[in-house]
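Me: I am new to this structure. Please walk me through a few of its packing details.

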Amino acid sequence: MEGVSTVEHPFPSDIEIAQSAELAPIPDVAATVGIAPEHLVPYGRHVAKVELEAIDALAHLPNAKYVVVTAITPTPLGEGKTTTAVGLAQGLAKIGRKPVLALRQPSLGPVFGVKGGAAGGGYSQIVPMETLNLHLTGDFHAVTAAHNLLAAMVANHLHFGNELGLHEIQWRRVLDMNDRSLRNIIEGCGTLNDGVTRQTGFDITAASEVMVILSLATSLEDLRDRLGRIVVGFTKDRTPVTAEQIGAAGAMAVLLKDALQPNLMQTLEHTPAFIHTGPFGNIATGNSSIIADRIGIKAGDILLTEAGFAADMGAERFFNVKCRAAGLTPNAAVIVVTVRALKSHSGRFRVKAGSPLPEEMLVENPADVEAGAVNLRKHIEIIRGFGVQPVVAINAFPTDFPSEHDVIRRVAEEMGARVAVSTHVRDGGDGAVELARTVVEACGDEVHFTPTYEFSDPLETKIEKIATGVYGASGIQLSPAAQKSLAMYTDQGYGDLPVLIAKTPMSLSHDATLKGVPTGWTLPVREVRLAAGAGYVYAICGTMMTMPGLSKSPAAMRIDLDAAGNIVGLF
């Protein structure tokens, strides 16, 4: 029977819920997972950095089960991976488990842009949510400073004669803010003493290679080594020039020393959560830090982490890059699915960030869900391809109907996947108990972890295996420039690095308009770049936005202080 679901009572805003919460002192939260007070560096009452010495202090403990939270191909609104991860952690605590969360820190760009706050939602949030969304302990500022120090020293090297022979410079500047006017700039305007005039630009801080390095570093020594390997550009004969040669790596490491320590916070129900690093999900790894995972894997009995965007994006990089760099084996994967996303994949509707959902999407229509369910099936296949058991988590919205959830449950079960409905946004941990029990059950299954490629495979082969084996492409098409770069990186000794594919997160393909599961398409690789410090090569497919712009009505216009000095309008 058709109709429109309605919410019976007004639901408080996320910030209203967060500001009314009773928080536990952060040393008490740390104590629940065995982190001693001497390993905490407090930042106020409810946030602390955890010193790296905690890794050795916890080393004698057994590893927790390792669970990644991913999703189907999302709408521009996102399908609630962070909220689901938080709710699941709270649900696990409700059934007597000892969960730990490891999540990325939100960038100020999206916070003040369309998305607003990124601490979860409803009664499944990280708190204090204002602190999480606004500066936290300054890690993003440290990354910005370290990145721009290298940019300044590159410019300084050019000004004083360019003795290294830099010819093609690839190192831009970064800023943790959406600002389209900085995408392309001319620097060095003015007198001869104002620097060398050249075209360059800004990326957002989350897109910085320094951010990825911070997330993948396993120690201070590893961090320092990776910073030194950053390639800032090439000479005329295509010899790479590194941050070590420029002389900036040591000072960059000094700026990042404290930032390598993960930040400890809590959920609304006092579950411990490590919030650390925030690499972009479309051009970088889109995962939180290895350091946080190395502490969290010993601190509880289930470690939950989130990977950016969908299983073809963040989860693929989680499995192929992060797990292998960390030496950790995943036990299960949660695939977040929403009714609205599956209806979007039916091809009938267009969802636009910052705009209300089309009214037709809010009408009960299981057929639309069924039509879009091909995307869910594909993501279940992707997870299975890594030898990991998937659990489908239906993130329930007030506008959903039971008949629509029934379709998702049937599709998942037909694929042999476990499935649970979760109402964690409305009900907190109580609403995620079914999901928690389902995840615990999945963690008991045998795992045959199988990455997509071997590091010894040629770079082109790695790209092709991801395109065909994960995305479902028929093959790849390399531009002449991409072919030349692949050959050069191989000759320079970078051929054994893993690969990332920079593409739109809005489709399994490179084309954001292709919904569901596109077939019969070829992945065009127009450019290949090197991130030697982070330790990968990335193929660019389509146009990547590394410095977002603000919308006509950005979230910043609604954020303010009230008469008592409280933050309002954050989300």
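Reply: A crossing is right-handed if the near helix is turned clockwise from the far one by less than a right angle, and left-handed if anticlockwise. Keep in mind that this is a predicted model.

Me: Which hand does the crossing of helix 9 and helix 11 have?
Reply: Helix 9 covers residues 220–229 and helix 11 covers residues 249–256. Their axes lie 9 Å apart. The crossing of the two is right-handed.

Me: Is helix 9 roughly parallel or oblique to helix 11?
Reply: The two helices pack at an angle of about 135°. Only angles over 145 degrees count as roughly antiparallel, and those under 35 as roughly parallel. Helix 9 is therefore, relative to helix 11, oblique.

Me: How many nonpolar residues does the contact of helix 9 with helix 11 have?
Reply: Helix 9 brings L223, R224, L227 and G228. Helix 11 brings A249, G250, M252, A253 and L256. By class, 2 are polar, 1 is charged, and the nonpolar residues number 6.

Me: Which strands stand at the edges of the open sheet of 3 strands?
Reply: The strand order is 21-24-23, with mixed pairing.

Me: In strand 24, what is the bridge partner of E527?
Reply: Strand 23 pairs with strand 24 (residues 536–540) in the antiparallel sense, over 5 bridges. In strand 24, E527 has as its bridge partner I540.

Me: Which helix packs on the sheet, touching strand 23 and strand 24?
Reply: Its direction makes about 30° with that of strand 23. The helix spans residues 480–491 and is helix 20.

Notes:
Residues are numbered from 1 along each chain as its sequence is written. This is a predicted model: local features need pLDDT of at least 70, side-chain atom pairs count only at pLDDT 80 or more; totals for chains, interfaces and linings use all residues. Side-chain values use heavy atoms; hydrogens and water are left out. Two strands pair if DSSP finds at least two bridges between them. Helices (H or I, at least four residues) and strands (E, at least two) are DSSP runs, numbered from the N terminus. Contact means heavy atoms within 4.5 Å. Axes are lines fitted to C-alpha atoms, for helices over the stretch in contact, and angles run from 0 to 180 degrees between N-to-C directions. Angles under 35 degrees count as roughly parallel, over 145 as roughly antiparallel, 65 to 115 as roughly perpendicular and the rest as oblique. Ala, Val, Leu, Ile, Met, Phe, Trp, Tyr, Cys and Pro count as nonpolar, Asp, Glu, Lys and Arg as charged, and the others, Gly among them, as polar.
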